[in-house]
Amino acid sequence: MALSVIARLDPGSRAAKRGMSDLAIRNLFIIPTITFLIVFNIFPLLYSLGYSFTDFRASTNAPAKFVGLDNYKFLLNDEFIWRNFTITAKYVIISVTGQVIVGFGMAMLLNRDIPLKGLITTLLMLPMMLSMAVVGLFWKLLYDPSFGIINYGLGLGKFEWLADPDVALYAVALTDIWMWSPFVMLLSLAGLSAVPKHLYEAAEIDRAGSFYTFTRITLPLVAPILMIAIIFRTMEAFKTFDMAYILSSQPTTELIAIRLYKMAFLEWQTGQSSAFAYIVLIMVVAITNLYVKYLNKVKER
Amino acid sequence: MKTNFKNLMAGAAICAMSSTSLAAEELVIFWAEWDPANFLQELVNEYEEVSGVEVIVETTPWSDFQTKAFTEFNARGDAYDMIVGDSQWLGAASTGGHYVDLTEFFAEHNLAEVMAPATVKYYAEYPGNSGSYWAVPAEGDAVGWSYRKDWFEDPAEMAAFNEKYGYDLAPPATWAELLDIAEFFHRPDEDRYGVAIYTDNSYDAMVMGVENAIFSYGADLGDFETYEVDGYINSPAAVQALEDYKRLYGYTPPGWAKTFFVENNQAITEGLTAMSMNYFAFFPALLNEATNPHAAHTGFFANPAGPTGAQFAALGGQGISVVSYSDKQEESMKFLEWFISDDVQKRWAELGGYTAHAKTLESDEFRNATPYNEAFYQTMFKVKDFWAVPEFAELLTSANQRLYPFIVGNEGTAQETMDALAADWEATFKKYGRTE
């Protein structure tokens, strides 16, 4: 299908008038991309796969020694690594669920005729436009127990958002929810506005309740696009690094990306961290595949 | 298109040529971003006057310092000619071939005696007692304490303290007194707290803090020659030290869970705590009225003694090494020769640098120059340091993973924590073939 699109060039187009062939156009667009992918993605990917079976350390001159599956064995048996995985899973669930609830809720509220709708939507999207590191720095100040505005505003006294190991992960997730709910909102809004109005009219004629209308009409029709939002957010949440790294150094908020960074660039265990990165990659691919399968199922319905 | 390309190439060539011609009289020293680096820049400006060689001190924030330096090393890059590296890097940087061997330079200038012995041992020599030297001690540093003199000298406080503890309120001479005073001044409802300590677990901050207790309690991290750790790091003295460090954490201001030198100086400038642990290098800012409203009321003391009377402090500070990928090694050596001369070291101390130069350190002029110089002088002869082996970062990670949950998260007991840490370190040393 894709090929048939590429192969034929509109004879009236400017490119055709300049005498460029279909093939030339295709090469012009595709070859740089492919080269870029190979040099910066595929090659390092394969190279690091090789490293993951060695005890290579980039910080020394010692030659890399082949150690077979030792790195993988060590990592999968390390209690701290498992803790990192559990923390990450918890973080992904909390923050993605939160974003879907808040984002979808906002979309429902905005999906009607209200004055200044465009302006409100734009303003709501502001958090998303900030850099992750900046958000981390800001929220660290907002959460501060001595002078932070959150405790002041909510009257929480000296509540320790980031210093309390049991609360810190929720605090980080909350920041992520604040930042990325607008993204879910945006996609949901697109989905919601695409739901044919006549379905609602028909439901009204049949005197269907609002809950019934929501679960039987709105949700199923928005589901595919909502799933796409969830896939994006899950992948992003899985690799969260900068925000969490800046906000807190609690072991209870040490996500896999942070552990991986420390292993690779503080300890310089290049071989072992390559193996670690592969384990993470396999997990992300597996989870994404599950989602995509589910997405296709939803679309078929 | 072709002419454009030609022009571009010509431009690039000119740029390249001009940068090389500049580089011939330019040396770059890499260090972390802090006051001593600014003092060093001032000092090396004087070198330009003497030699005509421009020396630039390039800096990066502390949190990136190690990563950035080693990224450059690993790439065999020549961006830096010299580097003022952390003492723990010696093992990794010398065995990795990143530093130029300075043993001959040391012998030629008798540096092992010119510089204070502790600084030579920890900033320059690797492996321990091998007689191989890799750096010229540049910035001596160790952990000391600052305190609020006005709180300590308040007659009402003094009477109340004597009533409660049975002795006079004064800067603590022992860790037991330190704990009493921290408890005494800890009054959350008045927004006053006992003490500020290091708790940041991202690099070596918290470990340094705990080391202050461990070393003064008479314990050690391990045997630096045999790499034996069981019975050292989990000895009763070390366990007690950790327990007391955790007790101190209970007397810190709220949210004190990721703190290092910035926060600990803030604790004094913001009037939050009675005492604060910090490196001597950060004390000048506390005496400056512009940065510390309580400057007139800030005093200093050396890390107190432990229950057995042993008194040590965790070492900070760095030595200057020549990067082996630099093509200006000869020029760098000439610079180092200038740097170690008596006059320059004296000037270095005047500018605010903490010299490691024994003669300067011992001079009355230096010891009376500031309220903390005497404490610094005393401390520099009783410092101990973390492991300097190439795998130090892994050892730090284990320490952070074990110590932090106990101190901040209240998980497990001190004994369990130290036993687990000893096991981790044993496994690491075994992995690198240092022990059987």
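Contact here means heavy atoms within 4.5 Å. The model is predicted. By that criterion, and leaving aside residues up to four places away in sequence, B:Y232 touches B:A219, B:D220, B:L221, B:G222, B:D223 and B:A238. B:Y232 itself lies in the loop between α11 (205–216) and α12 of chain B. Its relative accessibility is 27%, so B:Y232 counts as partly exposed.

Helix α12 (residues 236–249) of chain B packs with helix α20 (residues 414–431) of chain B at an angle of about 120 degrees, and the axes are 9 Å apart. On that basis α12(B) is oblique to α20(B). The crossing of α12(B) and α20(B) is right-handed. On the α12(B) side the contact is made by B:A238, B:V239, B:L242 and B:E243, which meet B:A414, B:Q415, B:T417 and B:M418 in α20(B). Divided by class, the contact of α12(B) with α20(B) has five nonpolar, two polar and one charged residues.

A helix pair in chain A was also examined. Helix α12 (residues 210–238) of chain A and helix α15 (residues 270–300) of chain A cross at roughly 175 degrees, and their axes come within 9 Å. The angle is over 145 degrees, which makes α12(A) roughly antiparallel to α15(A). From α12(A), the residues A:A223, A:P224, A:M227, A:I228, A:I230, A:I231, A:T234, A:M235 and A:F238 are in contact with α15(A). Their partners in α15(A) are A:V280, A:M283, A:V284, A:I287, A:T288, A:Y291, A:V292, A:Y294, A:L295, A:V298 and A:K299. The contact of α12(A) with α15(A) comprises 17 nonpolar, two polar and one charged residues.

Helix α14 (residues 256–265) of chain A has eight of its 10 residues buried, so it is largely enclosed by the rest of the structure. The buried residues of α14(A) are A:I256, A:A257, A:I258, A:R259, A:Y261, A:K262, A:M263 and A:A264. In helix α3 (residues 22–51) of chain A, A:I42 has a relative accessibility of 40% and counts as partly exposed. The C-alpha atoms of A:I42 and A:A64 are separated by 21 Å, the two residues being 22 apart along the chain.

Aromatic pairs were counted over all chains, and the structure holds 70 of them. In one of these, the ring centres of B:F283 and B:Y372 are 6.0 Å apart and the planes stand at 55 degrees, so the pair is tilted. B:F283 lies in the loop between β6 (273–279) and β7 (298–302) of chain B, and B:Y372 in the loop between α17 (364–367) and α18 (373–379) of chain B, so the pair ties together parts that are 89 residues apart in sequence. B:F283 and B:Y372 are both buried.

A further pair is formed by B:W387 and B:F429, whose ring centres are 4.8 Å apart with the planes at 65 degrees, so this pair is edge-to-face. This pair links distant parts of the chain, 42 residues apart: B:W387 is in the loop between β9 (383–384) and α19 (392–407) of chain B, and B:F429 in helix α20 of chain B. B:W387 has a relative accessible area of 1% and is buried. B:F429, at 0% relative accessibility, likewise counts as buried.

Backbone geometry was also considered. Most residues other than glycine have a negative phi, and most peptide bonds are trans. B:Y126 and B:P127 are joined by a cis peptide bond, with omega about -10 degrees. B:P127 is found in the loop between α7 (117–124) and β4 (136–148) of chain B. B:N129 lies in the loop between α7 and β4 of chain B and has a positive phi of about 60 degrees although it is not a glycine. With a relative accessible area of 57%, B:N129 is exposed. In chain A, the phi of A:R207 is near 60 degrees, a positive value in a residue other than glycine. A:R207 is found in the loop between α11 (197–205) and α12 of chain A, and at 77% relative accessibility A:R207 counts as exposed.

Methods: Residues numbered from 1 in each chain as written. Chains lettered and ligands numbered in written order. Predicted model: local features only at pLDDT ≥ 70, side-chain atom pairs only at ≥ 80, totals over all residues. Heavy atoms only, no water. Axes fitted to C-alpha atoms, helices over the stretch in contact; angles between N-to-C directions. Helix = DSSP H or I, 4+ residues; strand = E, 2+ residues; numbered from the N terminus. Parallel < 35°, antiparallel > 145°, perpendicular 65-115°, else oblique. Left-handed = near helix turned anticlockwise from the far one by under 90°. Nonpolar A, V, L, I, M, F, W, Y, C, P; charged D, E, K, R; others polar. Buried < 20%, exposed > 50% of the residue type's maximum accessible area, 1.4 Å probe, protein only. Phe/Tyr/Trp six-rings, centres within 6.5 Å; stacked < 30°, edge-to-face > 60°.
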